[in-house]
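The following note sets out numbered comments on the model under review. Please read them alongside the sequence and coordinates.

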Amino acid sequence: MMGTGARELREDPAAARPEDAVLIDRIVAEFGRDRTRLMDIVQAVQHRWGRVSAASVRAIAQSLGIHAVEVEDMVSFYSFFSRERKGRFHVRLSKTPVSLMKGAAKVAQAFAAASGAAIGTASPDGEFTIEWTSDIGMADQEPSALINGTVVTALSPSDARSIIAALRAAPADVDPPVFRAPDPRVAALPQARVASHIMKAGPIIFQRRRRGDGVRAALGLSPESIIQEIIKAKLRGRGGAGFPTGLKWKFCRKSPGQQHYLICNADEGEPGTFKDRVLLTEAPDVVFDGMTIAANALGAQSGLVYLRGEYAYLWKTLQTVLENRRRLGLLGSNICGCEGFDFDVRIQLGAGAYVCGEESALIESLEGKRGAPRDRPPFPTERGYLQQPTAVDNVESFACVARIMENGSDWFASFGTRESTGTKLLSVSGDCAHPGIYEVPFGITVNELLDQVGAADAEFVQMAGPSGQCVAPKDFGRRIAYEDLATGGSVMVFGPGRDVLEVASLFTEFFIHESCGWCAPCRVGTTLLGRGLDKILKHRGTLEDVTALEELANTVTRMSRCGLGQTAANPILTTMRNFPQVYEARLLPYQFVPAVTLEEALAVAVKVQGREPVDETEPV
Amino acid sequence: MSDARISLTVDGTQIQALEGQSVIQACDAAGVYVPRLCYHPDLPPAGHCRVCSCRINGRINSACVTPVSQGMVVENDTPALNSDRRVIIEMLFVEGYHLCPTCEKSGDCELQALGYRLGMAAPTLPYLWPQRELDATHPEIVLDRNRCILCSRCIRASRYEDGKSVFGFEGRGIHMRLTVDGSALGDTAMAAADKAAHVCPVGCILIKRTGFRTPSGHHRFDKAPIGSDIEAVRSVPKT
Ligand SMILES: Cc1cc2nc3c(=O)[nH]c(=O)nc-3n(C[C@H](O)[C@H](O)[C@H](O)COP(=O)(O)O)c2cc1C
Ligand code: SF4
Ligand code: SF4
Ligand code: SF4
Ligand code: FES
C-alpha cells in the first residue's frame, strides 16, 4: 500500500544544490555546530527556503555529523516546518470556538475566494496557501491569522480581500529574508497589529515600578532566604498546575549538578490564553527581574525563555529589552555590581506544538529534539535541560516573584485566598462585551467575573482552556482559585445559542492535532474520542455509544503518559457531566446504530462499478 | 546498579529488588508478570505503550520507567488495570491492519498474545484504516508498517545495540510513522544480523524467506500464554 511511510526522505531524491549545502553548512556553523541548537538551525533553513526539504535534512545532518533520520524525527514533528514549498504567502488562520463565533469561517472563505487557493492547499499560481492552525494566542481579537509568521488580527472578510490584493501587488522577494525579521510586506499591512486589551490592572502585576527594583531588593538576601520568602508568600505556579514555586526552587537548588538552569515557559499554548503575550508586551522587565531573582536563588548562570513560535513578532522587542538590561548591569556579569552574580538570558522560539508547553517536552525541544515529554522521575529539578537541575516556571510566576521581592511576602499573601495567594491574570474571550486581560484576586466567583466582563447572559464558561472544564450556570457561584476552579488563565465565555457539543468537538480536534504520538492511549485514544463524539454530533449515536465514549475517555485519562493525554478527554467528560441533556437530545432510541451508513459503506464500490445498488426492499 | 536491597509489595506480596531497578525488572526477577509491549529487557525503556501501567503508590504509572523505592506499593493484576490494558491493545489493533490469519508472526506475536491473555475478543473500537507503506527494498528484511505499533524497540536497538540509527519516527500524533535513515530500508546500513531486526514484538520487521516455517501449534504463544516464562520462575511466597 502506498502511503506516508518513508515518503519524506524519498520524495526528494536530489542532493541539496551545492550552493545550498554550503549555505546550510554556514547556518549550522553559526550555531556552533551544536546539535542541541537544531531548533534554530531548522528555523533558519525554513525561513531562508520557505521549507525544509529532504535534501536540506540530509545537508543539516551531514554538517552536524548525525544521522538524517534524527533530523527528520525532529523536523517532521513541528507544525511550522514544512516539507513542501507553501505559497509565497502562507496564511494560517486560528481555528478555535472563539474565532469561529467571531466569523473565522467567513474570513477563511474570503481568503480562499480572493486567492484562488482551496483551504489547505496552495493557489494554482503558487502565490498563496490558506490553512487552519491551532489557537494562536489572540482570542481577544479574533479572527486572527499568521501570514508568513506575522500576526494579523480582528479580520473581516473584506480585510481578507484587501490583504490578498495588497500582497499580490507587493514586490516579489528579491533578497533572501533576514532570519527572524518579519516579512516587511506583511508587517506593512494595517491589520498587522496586536492590541493588549488590559481591561483591569490589579494591585500586583501591572503596578508601575522601576525595572530592577526586585533584583536589587533580593541582593540583600541569601539564596535560601529568597526561596523562603517565596515559600512564605505561598506563590503557586501560574502555568496551570499550581505547584508551589518556592518548593520547586528548593528541590532544584539542592539537586547536584555542574550547572543549574532556569527556564521561563512562554509557550502559552492553551487555547484562550493570551496573558503571557500581554505581560511580555507591557511589562517584560518585571518578568526578567523575576528570572534574575530566581537565578540568584538557584545559582543559575543561564536562563532560557521558550517563546511560542506564534509570538515571533515579540522577538525583536524582547531582544532590545535584554540589551538594555545588559547595558544597565541587570544582566551579564557582576549584576548590580555584585561580584560573581552572573546571569544571562537566551530566547528560544518554538515552532508550533502545544505539547512543548509541558515542561519536559519543552526541555526536549530546547535540546533540539521532537517535543515528546519525558517520563518522571527524574523530574526536571533533578535532571532537566542538558541533564542538569532545571526550574521551569511560567512567565506570570516570574512576574509574581519580582513583586514579592519588591513588596514582601506578607503583602503578596494579603491578596487572594488562603490556598491561592495573590492575583491572577485572566484572559477573557468569547461572548462578552469587554474581552481582554483582567487581573483579579484569587477567590473571585465566576459570576463576579462575568459581571465585570459584560457577559450577564453566559450559558457556559470554558475554564482553563480545553484541558480545563466546561462550567455550567449552576456552578457560576464557584470561586476561581486552586482549591476550587483552577485556571492557568484561559476563560472562554459562551452565550445563548452556542452549542456545547460543537465546542467539545473542536477541543477534541485540537487534542488530536496536538497529541505528540509518543504513547498509545493518547495517540490513538484522542482520535477515537473524536470519532465517538462525531457519531453523536451527527445524530447517529445511541445511549450505548455515550457509555462507550465515557469509558474510553476514562481510559485515555488514566493511562496517558503526560498532562496532555490526561486532560484530553476533559471536553467530553465535563460536558457529559454538566450537560447530559445536550447529549440525550441527540441520541437515537435504538440499541445499536453502525458507525457508518450503508451509503458510506458502499461508496467505494459504487464508484468502482459506476452504478447504484438496487434496493430490493422497494416494491417493484 | 548497586547491591542495596529494597523491598516492595506487588499485589500484596512482598518482593525484593535492587536499587536502580525499574518496577518491571524487579517484578520479572520475582516471577511476577506485568503485561508489556514496548519494553525489552536488553534495551533502555521508552514508555510508549503504557500497557505496563500499574498503580504505584496510589498513582498510575508505567512499570518499565518507574524506579523501585523502599516500601513501594504496587498494584498490578487488578481487573481495572487489566481492563484499561485491554483497551490499549484494542487501540493498537484498530490503529493498524492486523489480519492475524494471514500474518507470518501469528502465534509468535506479542500484541496478539496479549490480546488473548487480556481477554480481547474482537475489537469493539472503530478501525482507523490508515495509509501506510510496505518496504520490501532490503534483500533480507521486509518492513510492513501496517503492523507497526510504534514501540521504538527497533529504533532503540539500532541506536544503542547496533550503533547505526537505521530507524526513527516521523510526524506526530496519529500521523506518526516509523521511518528509516535513507530513501528506503534497502538504502540503509541495516543488516539481517542486527539486533534491530530481531526485537519487533509484532510482524512489522520480518526476515525474508523464513515465514511460515514453524507449523501452526508450535509457535511460542501457541503452547503457553505470554508471560508464562516469567511466571515460571516465581518462588513460592513465604508466609
Ligand atoms: C500539555 C501541556 C501544556 C502546557 N503548556 C504550558 C504553557 O503553555 N505555559 C506554561 O507556563 N505551562 C504549561 N504547562 C505546564 C508546565 O508543564 C509546567 O507545569 C509549568 O510551566 C510550570 O510553571 P509554573 O509552576 O510557574 O506554573 C503545560 C502542561 C501540559 C501538560
Ligand atoms: S499523553 Fe499524548 S502528548 Fe503526552 S506523551 Fe502521550 S501521546 Fe504524547
Ligand atoms: S502483527 Fe500480530 S496482531 Fe498483527 S496481524 Fe500479525 S499476528 Fe496479528
Ligand atoms: S517496527 Fe516493530 S519494533 Fe519497530 S516500532 Fe514498529 S512495532 Fe516497534
Ligand atoms: S512496556 Fe512500559 S510503557 Fe510499554
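Which residues are closest to ligand 2, and how many surround it?

1. This is a predicted model, and the comments below should be read accordingly. Ligand 2 is surrounded by 14 residues, of which Cys516(A), Cys519(A), Cys522(A), Cys562(A) and Gly565(A) are the closest. Two elements of chain A, α21 (520–537) and α23 (563–567), each give two or more residues to this shell. By class, the shell around ligand 2 comprises 8 nonpolar, 4 polar and 2 charged residues.

2. The contact between the chains draws 40 residues from chain A and 42 residues from chain B. On the side of chain A that touches chain B, at least two residues each come from α1 (7–10), α5 (68–75), α20 (500–514), α21 and α22 (543–559). The most is given by α21(A), with 8 residues. This side of chain A divides into 19 nonpolar, 11 polar and 10 charged residues.

3. Chain A is assigned five domains: domain 1 (10–75), domain 2 (91–170 + 183–187), domain 3 (198–413), domain 4 (424–494) and domain 5 (500–584). Taken over C-alpha atoms, the centres of domain 1 and domain 5 of chain A are separated by 38 Å.

4. In chain A, the axes of helix α12 (residues 245–254) and helix α14 (residues 284–298) come within 9 Å and cross at roughly 45 degrees; α12(A) and α14(A) are therefore oblique to each other. Trp249(A), Cys252(A) and Arg253(A) of α12(A) make the contact with Ala294(A), Ala297(A) and Leu298(A) of α14(A). These contact residues divide into 5 nonpolar, no polar and 1 charged.

How values were computed:
Residues are numbered from 1 along each chain as its sequence is written. Chains are lettered from A and ligands numbered from 1 in the order in which they are written. This is a predicted model: local features need pLDDT of at least 70, side-chain atom pairs count only at pLDDT 80 or more; totals for chains, interfaces and linings use all residues. Axes are lines fitted to C-alpha atoms, for helices over the stretch in contact, and angles run from 0 to 180 degrees between N-to-C directions. Helices (H or I, at least four residues) and strands (E, at least two) are DSSP runs, numbered from the N terminus. Angles under 35 degrees count as roughly parallel, over 145 as roughly antiparallel, 65 to 115 as roughly perpendicular and the rest as oblique. Two residues are in contact if their C-beta atoms, placed from the backbone, lie within 7 Å. Ala, Val, Leu, Ile, Met, Phe, Trp, Tyr, Cys and Pro count as nonpolar, Asp, Glu, Lys and Arg as charged, and the others, Gly among them, as polar. A residue is near a molecule or strand if its C-beta atom, placed from the backbone, lies within 6 Å of it. Domain bounds come from an automatic or database domain assignment.
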